Amino acid sequence: MENLNNQTIKHIFEDISKDLKELKELAKQTNGRIKSLEIWRARLAGGLAVIILLLVPIVIQYLAKAVEAYYK
């Protein structure tokens, strides 16, 4: 094993500390992007739900009228 003195150990810990700071910054950026994608997905799902809730009754009503007219 390599003989480590205090100066070398201090340098190693400084490098690790620097790397951790960079990783924290990257994690913050990534979390922001993921959060915006989650919000976008939720809005899309909500919009689809509203469209389905509004269109399904209209389509059913239209089909019922069409079937009724066909059998008259």
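This is a predicted model: local features need pLDDT of at least 70, side-chain atom pairs count only at pLDDT 80 or more; totals for chains, interfaces and linings use all residues.
## Nonpolar surface patch

Patch members have over 30% relative accessible area and no salt bridge; nonpolar side chains (Val, Leu, Ile, Met, Phe, Trp, Tyr) are joined within 5 Å, like charges within 9 Å. Areas follow the Shrake-Rupley method with a 1.4 Å probe, and for residues only the protein chains shown count as cover.

## Negative patch

Glu14, Asp15, Asp19 and Glu22 form a surface patch of negative charge. Asp and Glu count as negative, Lys and Arg as positive, while His and the chain ends are not counted. Each charge is placed at NZ of Lys, CZ of Arg, CG of Asp or CD of Glu.

Glu22 belongs to helix H1, residues 6-71 (helices are DSSP runs of H or I with at least four residues, numbered from the N terminus). With 43% relative accessible area, Glu22 is partly exposed.

## Salt bridge

The whole structure contains one salt bridge, defined as a side-chain nitrogen of Lys or Arg within 4 Å of a carboxyl oxygen of Asp or Glu. Glu68 and Lys72 form a salt bridge at 3.7 Å, N to O. Glu68 is partly exposed at 48%, and Lys72 is exposed at 79% relative accessibility.

## Aromatic pair

One aromatic pair is counted; rings of Phe, Tyr and Trp (its six-membered ring) pair with centres within 6.5 Å, and planes under 30 degrees apart are stacked, over 60 edge-to-face, the rest tilted. The ring centres of Tyr70 and Tyr71 lie 5.1 Å apart with planes at 80°, so the pair is edge-to-face. Tyr70 is exposed at 65% relative accessibility, as is Tyr71 at 66%.

## Basis

Local features need pLDDT of at least 70 and side-chain atom pairs pLDDT 80 or more, whereas totals for chains, interfaces and linings use all residues. Residues are numbered from 1 along each chain as its sequence is written, and side-chain values use heavy atoms, without hydrogens and water.

Note on methods. Helices (H or I, at least four residues) and strands (E, at least two) are DSSP runs, numbered from the N terminus. Buried means under 20% relative accessible area, exposed over 50%, partly exposed in between (1.4 Å probe, protein chains only).
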